[in-house]
Amino acid sequence: MRGEGIRKGLKEIVPLTIDASLAPTNLIYIRSSYLLLRIMRKVSVVMGSTSDLDVMKDAINTLKDFGVDVDYGVYSAHRSPERLVEYCTGLKKAGIEVIIAGAGGAAALPGMIAALTDIPVIGVPIMGKSLSGLDSLLSIVQMPPGVPVATVGINGSRNAALLAIRILALHDSEISKRLEEFVRKQKKEASEKQLVL
Ligand code: C2R
């Protein structure tokens, strides 16, 4: 079953290509007689509902700003568990190295993904209509020992992306250079702000 792209609020409209049963199509091949270049997607950003997109688009856009290949889609452990299992089965073949999962309320999604794969999962608690996101934060952060989910702050999807970038930077020199540049710029901006104060 092929997922639909989310077309709202993103810098670019990109169709969702993650699909467990069609995982090899997730690789883009550019062929010439001398060149075979394989581009693999590295980070997957998933969310429990389209209503989470306003928060989760920061993660998607931050990853894109760093030139990281990103897939994104809506998957729910509660509402469509079989589809989530199928999706998780294809993640490694699709070249996914980090998963960012955002969910609100009784948020099972990040934990279920961490249970179904050994790829690092970063959970983003989403502030819903009640309990100010505390329900989601506690659901995601209190994983049982043995099934880790790195949890960022409520609505902290940008930090989730930056953490994913730090993980990728460990073995990707291009991303590492961009991260160094980002940190340098951030430091400069922070000290300039202090001078203005
Ligand atoms: P709707 O706005 O679609 O009613 O969803 C979503 O992440 C969203 O924040 C309300 C909230 O339900 C959350 N949801 C989960 C899961 N599936 C949906 N926490 C899950 O499987 O964990």
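This is a predicted model: local features need pLDDT of at least 70, side-chain atom pairs count only at pLDDT 80 or more; totals for chains, interfaces and linings use all residues.
In the protein chain, residues 24 or more positions apart account for 66% of the contacts with a separation of 6 or more; two residues are in contact if their C-beta atoms, placed from the backbone, lie within 7 Å. Residues are numbered from 1 along each chain as its sequence is written.

Let me turn to the overall architecture. The protein chain has six helices and seven strands, and along the sequence they follow the pattern β-β-β-α-β-α-β-α-β-α-β-α-α. Helices (H or I, at least four residues) and strands (E, at least two) are DSSP runs, numbered from the N terminus. Buried residues make up 38% of the 197 residues in the protein chain. A residue is buried if 20 or more other C-beta atoms lie within 10 Å of its own, exposed if 12 or fewer, and partly exposed in between, again with C-beta atoms placed from the backbone.

Next, the sheet. Five strands form an open sheet in the order β4-β3-β5-β6-β7, and the pairing is parallel. Two strands pair if DSSP finds at least two bridges between them. β4 and β7 (150-151) stand at the edges with a single partner strand each, so one side of each is left without a neighbour in the sheet. Even so, four of the five residues of β4 are buried, so β4 is largely enclosed by the rest of the structure.

Which strands pair with β3? One is β4 (residues 70-74), which runs parallel to β3 and is joined to it by five bridges; another is β5 (residues 98-104), paired in the parallel sense, also over five bridges. Towards β4, M47 stands opposite V74 and V46 stands opposite G73. Towards β5, V45 stands opposite I100 and V43 stands opposite V98.

β3, helix α1 (residues 53-65) and β4 make a right-handed β-α-β unit. A crossover is right-handed if, with the strands pointing away from the viewer, the path from the first strand over the helix to the second runs clockwise.

In soluble globular proteins, nonpolar side chains tend to be buried together. The largest nonpolar core has 47 residues, of which I100 and A164 touch the most other members. Helix α5 (residues 157-169) gives the most to this core, with six residues. A nonpolar core is a set of buried Ala, Val, Leu, Ile, Met, Phe, Trp, Tyr and Cys residues joined through C-beta atoms within 7 Å. Leaving aside neighbours within four places in sequence, I100 is in contact with V43, V45, A59, I122, V124, A160, A161 and A164.

L63, in helix α1, counts as buried with 26 C-beta neighbours inside 10 Å. L63 and I165 are 102 residues apart in sequence, yet their C-alpha atoms are 7.3 Å apart in space. Beyond its neighbours within four places in sequence, L63 is in contact with V43, V68, V70, A161 and A164.

E97 lies in the loop between α2 (81-89) and β5. Is E97 buried or exposed? E97 is buried, with 20 other C-beta atoms within 10 Å. The C-alpha atoms of E97 and V43, 54 residues apart along the chain, are separated by 5.9 Å.

Finally, the ligand. It is surrounded by 17 residues, the closest being G48, S49, S51, A77 and G104; a residue is near a molecule if its C-beta atom, placed from the backbone, lies within 6 Å of it. This shell has seven nonpolar, eight polar and two charged residues. Ala, Val, Leu, Ile, Met, Phe, Trp, Tyr, Cys and Pro count as nonpolar, Asp, Glu, Lys and Arg as charged, and the others, Gly among them, as polar.
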